[in-house]
Amino acid sequence: MSSRDFILDNIRRHLKRAELADSARAAVEARLRRPPRGPIPARAAALDHAGQVELFIAMAEEAAASVLRVAAPAAVPAAVAGLLQEAGLPLRLTLAAALAGLDWAGAGLETAVRRAENGDRVTLSPAFAGIAETGTLVLLSGPDSPTTLNFLPDVHVVVLAATDIVATSEDAWDKLRASGRALPRTVNFITGPSRSADIEQTLQMGAHGPVTLKIVLVGA
Amino acid sequence: MQATSLNFKENARQALHDRALQKALVNLRAGFPGKRAKAIARLPEFEALRDYGRDLKNHTLEHLDFYLEQFEARVVEQGGRVHWARDAAEAREIVLGICREAGAKTVTKGKSMVTEEIALNEYLEANGVQPIETDLGEYIIQLRGEHPSHIIAPAIHLNKEQVAEAFRARHTERDPGRPLESPPQMLKEAREILRAAFLHADVGITGANFCIAETGSTVIVTNEGNGDLTQILPRVHVVVASLEKIVPTVEDAMVLLRLLTRSATGQEISVYTTFSNGARRPGDADGPEQFHVVLLDNGRSGMLGGEFQDMLRCIRCSACMNHCPVYGAIGGHAYGWVYPGPMGAVLTPQLIGIDQAGHLPNASTFCGRCESVCPVRIPLPKLMRHWREREFEKHLTPAAYRFGLGAWSFIASRPQLYRTLARLGARLLRRLGRDGRIRALPLARGWTAWRDLPAPQGKTFQELWTDRHKGQRA
């Protein structure tokens, strides 16, 4: 008997039943097809969209991310250049193909469109959604948005459209399901920069991932 | 790892006299409970989430075979492989096989208690594969040749001087004269050394906080990002997860995530919550070429349908140990195996045998704080009582204890005798007291060596009850 069969048999024997009968199976299959939501915190769900954007900013800042608002996508390169200058960083970044269409050279930035490599100090990726409840960014892996960009640099800059801010993580998943795209290899929820409290329970920023997380929020 | 749970009493005695440990435990008691309380105060829905989480876990366990098969089918559809392991030995064998096939020399590891349970590191090392722990706390204790003393804060028993000492002893390629006094200096050094490890590893091994049947996702939460670098840089990603990590849907995982992070560190959400769905896709510039999930049973299927099924709801948040007066006094190592605190006191006898771990369910004051903070409402004290009963049934309890219990039950089931002895006992104890206190008592020095016992005053409870009853009738 394979270990798979042994384990499944043992589960059924202890639950004192055979494989799920038709009606019981139909019930759990239906639950999988139409997942019920658990209790949804009112914190974000009770707000209008403008309120959710404000909450997103407050929660992201509480998690030690910084948020910079710009009016339109065309303003993103200049805003990013400003952030790098302010931080005393070279005007050089590795970015996701999804954002390659903006006029980076016009803002004086030297760019490479590829996955991140060790030594890349600043990277830039697009967010698929923002979750107001916790100030969380949702990033999807794919050819135009490699996951290494999210973890290897010192400074990670993420571009998020204000219209992509939703109330809860459940809403973010519904947005992904409705988008018609296949589930990507990796879905990253990111809330603030990397940190550790493993030495004497003292919180320190910048463990293995980015030391700094900057969000450029586009649109009102 | 070799269990030392049989030596619990001696372990505990040493822990109580370990000054460095006692200092570290102050940090624990001062930190986690307050952070949890603050986080919960901000979420009015928390109690409703606990009820929902309990019911959701129960539902999942009742249909565990179905959800495991669904999960497996989705992983396979996404180009991953699922391996089933009956026990620790089989799981180790599977992981080693994957490492060998990949020609792996080094593997990086995300934090995983289940790989502690199956003693994976020792096995890989013995077979020529070097495992490197990448969670900062896990890395520190690996350097020291220790095991975690806490399920989410593995190095909580150490102070920064001990960490610096370990770094100086093991990072011998570095300048011995370098400054290494502050935690930021140590973090920077560990970050640099582990970054190289991430880049050179052939295989990355992580655990899973959840496995989602609907999507075939494995989910991990971390604050450092080490679990992510572990899975996106090497060619092969191996997830080791025990059966009860399964949840039906993404929505269900969201409920448990809201409970988990608040109960664990008091965070609204972890910095990184990562959903991994199979191997690298066509056109992807990064991500692992192979994705494996090892589903470990190791006695869990046998807990279903019985008195310990409730324990399979556990989401490993650590709230029970963070609030336990026993854990808070002795730390995690005294428990002698992988899982400490109240959850360990229930799970360890199941995994290594009550004959090995009988002390653990007895190491409880039954104050009930663990149950009161458990996010999925596991009745931990009740489950510890079940183990005490099993221990008694198996004649594992000491003779004096069994004699005492036998004598008690003989007396307590004979009301006349009980009343007489209680009356005599109370009178006798009163005479032994001075100024209403008993400072020394034969056969009870274990108590009176540490504190005075108040001497009984007046009548016994039963006498008072009878008097009161008479008074009411008159």
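**Entry 1: chain B, overall**

I began with the contacts inside chain B. Among those between residues at least 6 apart in sequence, 75% join residues at least 24 apart. This is a predicted model, and I kept that in mind throughout.

Next I looked up the confidence. Chain B has a mean pLDDT of 94. I found that 100% of its residues reach 70 or more. For the complex, the predictor gives an ipTM of 0.98 and a pTM of 0.94.

Then I took the dimensions. The C-alpha trace of chain B spans about 90 × 60 × 45 Å along its principal axes. I counted secondary structure too: chain B holds 22 helices and 12 strands. How many of the 474 residues of chain B count as buried, as a percentage? I noted 50%.

**Entry 2: two helices of chain B**

I picked out helix α9 (residues 160–170) of chain B and helix α10 (residues 183–200) of chain B. They pack at an angle of about 35°. Their axes lie 10 Å apart. I also checked the hand of the crossing of α9(B) and α10(B), and it is left-handed.

Which residues make the contact? From α9(B) I listed B:K160, B:V163, B:A164 and B:F167. From α10(B) I listed B:P183, B:M186 and B:E189. I sorted the residues of this contact by type: 5 are nonpolar and 2 are charged, with no polar ones.

**Entry 3: where chain A touches chain B**

I turned to the contact between the chains. Chain A gives 59 residues to the contact, and chain B gives 73.

Which elements of chain A each supply at least two residues of the side that touches chain B? I wrote down the helices α1 (3–15), α2 (22–33), α6 (148–151) and α7 (169–178).

I got 23 nonpolar, 23 polar and 13 charged residues.

Last, I followed β9(A) across to chain B. Its partner there is strand β9 (residues 272–276) of chain B. How many bridges join the two strands? I found 5 bridges, and the strands run antiparallel.

Definitions and conventions:
Residues numbered from 1 in each chain as written. Chains lettered and ligands numbered in written order. Predicted model: local features only at pLDDT ≥ 70, side-chain atom pairs only at ≥ 80, totals over all residues. Axes fitted to C-alpha atoms, helices over the stretch in contact; angles between N-to-C directions. Helix = DSSP H or I, 4+ residues; strand = E, 2+ residues; numbered from the N terminus. Left-handed = near helix turned anticlockwise from the far one by under 90°. Contact = placed C-beta atoms within 7 Å. Nonpolar A, V, L, I, M, F, W, Y, C, P; charged D, E, K, R; others polar. Buried ≥ 20, exposed ≤ 12 C-beta atoms within 10 Å, placed from the backbone. pLDDT = per-residue confidence, 0-100. Pairing = 2+ DSSP bridges.
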